[in-house]
Amino acid sequence: MRIRDLLEEVTEAIFPSNIYCIVCGSLIDRSRTYSLCDECVTQMHWITGRTCSICGKALPDTYLGRDSDGRPVCYDCQMRSHDFTRGWSCLTYGLHEREVMMDIKYNGKGYIARKMGDVMFDRMEHLIETALSESMLPFDMVIPVPVSQKRLAKRGYNQSELMARQFVKRWKDFAREAETVTATGCDVARCLCPVLETHVLVRQKETTMLRSLNPEERRLALHGAFAVAPALQHRIIGQNVLLVDDIYTTGATADACSKVLLDAGASAVYLLTLCSGGNRRPKED
Ligand SMILES: [Zn+2]
Ligand SMILES: [Zn+2]
């Protein structure tokens, strides 16, 4: 058994994830999807309807903004172009989503981030299934948005990395069931699974209190915050990257990461976020 698997088992034993609802704490049975009770599933803002075809935010039915190609595009994306090609998101940020994020970020409940990795995979399952049925690999590489070493030491984990790890695990399970993985394991040259890459993109600068800044100030504050590790740059040249982050608001973080990845030679950067919308980001990483 690998150390990581062992640690996950120990964490699971200390913080059993399938006994209490991860949002409200009410008792649930172990078989519940995402470890959420019925009430919380109902209260959360799952993105299932119209979305911005660039950033993936949910669009209200009454909003009719479109780009020059006639695709639905949110107001923010009409105002500003992005460095990522397109994005998907799972939940619109509201009170319950805030509870989930606070528990993950400030209450040490990393196991919830893994459940949210399941949410992210399920959001993308149709796209992945379609791609695999055509023997296409839509993303070569999955890269979580990194946190600084200081924050990593304090929190003990990077929540986006936990989500990305679970997302890739589910993808591998899915591909294995679809028999696209060879018996020798998951070599990307032979199978249709992306590689989880957690060392190429690094955070060089701590950014705090981004929530109090306007979009332009956020972009300035993030200047130089991310970099590609020079020794590992070769890994991303020509790759289609799926960047994974927990919350999307203005896209400043996603753009800053996408820009350094593209400058370093990535072919394209796509974006998958757990939550989007709302301007009440609890705290930027
Ligand atoms: Zn609940
Ligand atoms: Zn948008």
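Predicted model: local features only at pLDDT ≥ 70, side-chain atom pairs only at ≥ 80, totals over all residues.
1. **Overall make-up.** By that assignment, the protein has nine helices and seven strands. Of its 285 residues, 51% count as buried. The protein exposes about 13,900 Å², and carbon and sulfur atoms supply 52% of that area. If you look at contacts with a sequence separation of 6 or more, 70% of them join residues 24 or more positions apart.

2. **The largest nonpolar core.** This core has 49 residues, and those touching the most other members are Ile104, Met116, Phe167, Trp171, Leu272 and Leu274. At least two core residues come from each of strand E1 (87-92), helix H4 (95-106), helix H5 (110-133), helix H7 (159-177), strand E6 (240-248) and strand E7 (268-276). Helix H5 gives the most, with 10 residues. Both domain 1 (1-39) and domain 2 (44-276) are represented, each with at least three residues in this core.

3. **A close look at Ile104.** Leaving out residues up to four places away in sequence, Ile104 touches Lys109, Ile112, Ala113, Met116, Arg155, Tyr157, Gln159 and Met163.

4. **Zinc ion, ligand 1.** Its protein donors are the SG atoms of Cys21, Cys24, Cys37 and Cys40, at 2.2 to 2.3 Å. Angles among the four donor atoms run from 105 to 115°, and the site is tetrahedral. Along the chain, the donors are spaced C-x2-C-x12-C-x2-C. Two of these cysteines are worth a look for their accessibility: Cys37 has a relative accessible area of 8%, and Cys40 has 2%. Both count as buried because the cut-off is under 20%.

5. **Zinc ion, ligand 2.** Which residues hold this ion? The donors are Cys52, Cys55, Cys74 and Cys77, each through SG, and they lie 2.3 Å from the zinc. This site is tetrahedral as well, with angles of 102 to 114° among its four donor atoms. The spacing in sequence is C-x2-C-x18-C-x2-C.

6. Tyr34 has a phi near 60° and sits in the loop between helix H1 (3-14) and helix H2 (38-43). Ser135 has a phi of about 55° and lies in the loop between H5 and E2. Is each side of this pair buried or exposed? Tyr34 is buried, at 15% relative accessible area, whereas Ser135 is exposed, at 58%.

7. **Ser148, a buried loop residue.** Ser148 is in the loop between strand E2 (141-144) and helix H6 (149-155). Its relative accessible area is 9%, so Ser148 counts as buried. Beyond its neighbours within four places in sequence, Ser148 is in contact with Arg203 and Glu206.

Key
Residues numbered from 1 in each chain as written. Chains lettered and ligands numbered in written order. Heavy atoms only, no water. Core = buried A, V, L, I, M, F, W, Y, C linked by side-chain atoms within 4.5 Å. Buried < 20%, exposed > 50% of the residue type's maximum accessible area, 1.4 Å probe, protein only. Helix = DSSP H or I, 4+ residues; strand = E, 2+ residues; numbered from the N terminus. Domains from an automatic or database assignment. Contact = heavy atoms within 4.5 Å. Donors = N, O, S within 2.8 Å, 3.2 Å for Na, K, Ca; no water. Tetrahedral: all angles 85-135°; square planar, octahedral: opposite > 155°, others 65-115°. Areas by Shrake-Rupley, 256 points an atom, 1.4 Å probe, with all protein chains shown as cover.
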